[in-house]
Every structure is written in structure tokens, then in C-alpha cells.
Amino acid sequence: MPPHVTLKQLRYFDALAREQHFGRAAEACAVTQPALSMQIHELEEQLGLMLVERTRAGVLLSDKGREIAARAAGILGDVHEMIEFAKHCRNVLSGSLRLGVIPSIAPYMLPPLLPLLRDGYPNLELHVRETQTLPLLQELIEGKLDVLLLALPIVQAELETLSLFDDRFLLALPQSRRLSSRVRATKDLVEHERLLLLEEGHCLRDQALTYCNLQQVSTVNTFGVSSLSTIVEMVAAGYGITLLPEMCLNVEIRGRDIGVTRFVEPEPYRTVGLAWRATSPRSGDFRELGRLIKVAWSRGCVPPGRKNPRHTRPLNAPTS
């Protein structure tokens with residue numbers, strides 16, 4: 001008689017593989033620890049394999065357990081997409097949508113975007129996850145997220161992407177050192193100043209270093225800062241200069257003693273877009289979401305008088 005493996009067993013084992021702890025896995029699955037432990041034991045019996053090693057410190061997956069965990073995650077992701085297809089094949093942007101957004105986009109795009117989603121699609125149950133690119137990509141591939149809003153390009157064969165708009169970068173300086181409106185910033189100017197950037201792991205940091213042809217040098221300060229608001233405050237106080245995405249200007253420079261200057265052409269920029277699993281049945285949802293994001297961008301994030309530059313230079317550093 002062939003092994004009889006249930007989705008419940010796979011779901012519990014997937015949680016155990018992620019948490020590496022029976023108690024936390026049981027809590028994640030909203031069951032008791034003995035109930036979860038029994039299902040894991042039955043799964044091992046059905047497969048004829050020892051999947052986990054139980055230690056005082058927690059749980060260690062065996063070599064075969066890691067392989068089964070990867071396959072279980074794939075099966076659960078396929079089941080989730082099947083259910084989502086059945087729920088959403090008739091109605092665009094309805095039901096649950098798990099959106100991941102990087103920190104250098106979320107505070108600026110979500111305020112104009114969320115009202116559009118609420119008013120246009122009241123049946124949408126939106127869940128937002130804000131963190132850096134690498135963990136977002138991992139959670140997307142694992143099926144924990146449905147779609148990401150982030151900086152492109154993303155080089156992942158299993159993902160599909162949609163470019164939405166280009167967000168150019170400007171140089172931010174203390175007001176006391178503001179350049180004439182006729183002067184444009186250059187890379188040489190940046191190289192001789194103390195450059196304030198977000199801490200490692202943020203794509204803006206990598207993009208700025210790439211544009212300026214800089215590595216980790218003494219003039220680059222990236223120690224512990226994880227928000228653009230903090231960077232802008234430091235610039236206003238005279239501690240250095242920084243590169244800011246145009247998207248954030250309406251929020252970050254309002255009421256602050258800071259000046260911004262465009263770069264010489266080709267101006268640096270990043271491409272903002274969406275990414276989702278190529279196997280997802282909800283591409284229609286994501287493309288409609290992309291349309292709304294472009295509307296939100298034009299209404300809430302573009303400074304007055306902004307003109308799209310014809311000649312720009314993409315900041316295509318590896319995003320993270």
C-alpha cells in the first residue's frame with residue numbers, strides 16, 4: 001500500500017522546518033505541541049525516513065529531511081496558488097493579497113496607494129510586509145508572499161517582473177551648502193564628501209556606491225542607519241551628504257533645512273516595479289495593482305514641475 005501523506009502533515013512539517021522548534025511550530029499552526037509531534041511522527045512512518053533529530057536545543061533536520069522540507073514547501077505553494085486561482089478567477093483584486101515592499105519605497109508609495117486600493121477594491125484584504133529585498137524574495141519564492149514592490153532588475157528565473165516607472169536620484173546637501181539652481185551635481189563632488197548611506201542590506205546603499213564608483217571607504221558612513229528620515233536629519237545638521245530617490249522628496253525634505261540638486265546627465269535612477277512567481281495564476285491582479293501604483297506615483301510622489309529625463313543612468317547594482 002503506497003504511503004498516505006496528508007497536506008496537514010506537510011503543513012506541520014513545513015512549520016517545523018522553518019521554526020526549528022516544536023513549540024514555536026505548534027504555535028504557528030495553532031495546534032498543541034503533542035498534536036504536531038504526532039503528525040510529524042506519522043509522516044516519518046509513512047515515508048520510512050527519519051526527518052528530524054530531536055535535541056535539547058530544538059530540532060535538526062536530517063539530510064533527507066531538508067530535501068523533504070523543500071519539496072513540501074513547493075507542494076504547499078502549488079496548493080495555495082490553486083486555491084487563490086479558484087477564489088480570484090472571476091474578481092480582480094479581491095480576497096487576500098500579501099504584498100512585500102522594501103523600506104525605501106513603502107513610506108512614500110503606500111500613503112497614496114492605499115486609498116486607491118480601499119476605494120476601488122473594497123473586497124481586497126491587503127497584508128503588507130516591509131523588509132529588505134533578499135528576505136522578501138525568499139518569502140515570495142516560498143509562497144509566503146504574493147507580490148513584491150521593489151527596485152528592479154531581479155534576476156530569478158522563477159519570477160516574473162513588471163517595470164512601472166523610473167525614480168531618479170538627487171544629491172541632498174545641508175541648506176547652507178546648497179548649490180545654485182544652474183549647477184548640477186557630479187560624481188566627483190560626491191567622492192570628496194562624507195557620504196551618508198543606509199546600512200548594509202539596503203539596495204539604495206549598493207546603488208549609490210555603484211553610481212559613485214565607491215566601495216567601503218572612510219568617507220562612506222553606513223553605520224546602523226536603517227531609515228531615510230534619519231539620513232536626511234543628519235544631512236540637515238551638516239554631518240554629510242546623501243543621494244535621495246525623488247520618490248521620497250515630498251515627505252523627507254518638507255520642513256527640513258536641506259537642499260537637493262539634480263545630477264548631470266545621464267542622471268542616475270532606479271526602476272521600480274513588481275515581481276511575482278511566474279507560476280502564479282494572479283497576474284491579472286498584479287498588473288492591475290501595477291496600474292494603480294503608477295497612478296499613485298503620479299499623484300503623490302512626483303514633485304511639482306518634474307520632467308522625465310530623456311537620458312538617465314540606471315542604478316542596476318544587485319538589489320538587496
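Predicted model: local features only at pLDDT ≥ 70, side-chain atom pairs only at ≥ 80, totals over all residues.
Me: Which way does α5 cross α11, left-handed or right-handed?

Reply: The crossing of α5 past α11 is right-handed.

Me: Which residues do the touching there?

Reply: From α5 you get M109, P112, L113, L116 and L117; on the α11 side they meet L289, L292, I293, V295, A296, W297, R299 and G300. Sorted by class, that contact holds 11 nonpolar, 1 polar and 1 charged residues.

Me: Why is L159 called buried?

Reply: The cut-off for buried is under 20% relative accessible area, and L159 has 10%, so L159 qualifies. You'll find L159 in strand β6 (residues 159–174).

Me: What does L159 touch, leaving out residues up to four places away in sequence?

Reply: L137, L140, I141, I154, W276, R277 and A278. Take W276: 117 residues separate W276 from L159 along the chain, yet their C-alpha atoms are 5.5 Å apart.

Me: How much of the whole chain counts as buried?

Reply: Of its 320 residues, 47% do. The chain has 11 helices and 12 strands, and it exposes about 16000 Å², with carbon and sulfur atoms supplying 52% of that.

Technical notes: Residues numbered from 1 in each chain as written. Heavy atoms only, no water. Left-handed = near helix turned anticlockwise from the far one by under 90°. Helix = DSSP H or I, 4+ residues; strand = E, 2+ residues; numbered from the N terminus. Contact = heavy atoms within 4.5 Å. Nonpolar A, V, L, I, M, F, W, Y, C, P; charged D, E, K, R; others polar. Buried < 20%, exposed > 50% of the residue type's maximum accessible area, 1.4 Å probe, protein only. Areas by Shrake-Rupley, 256 points an atom, 1.4 Å probe, with all protein chains shown as cover.
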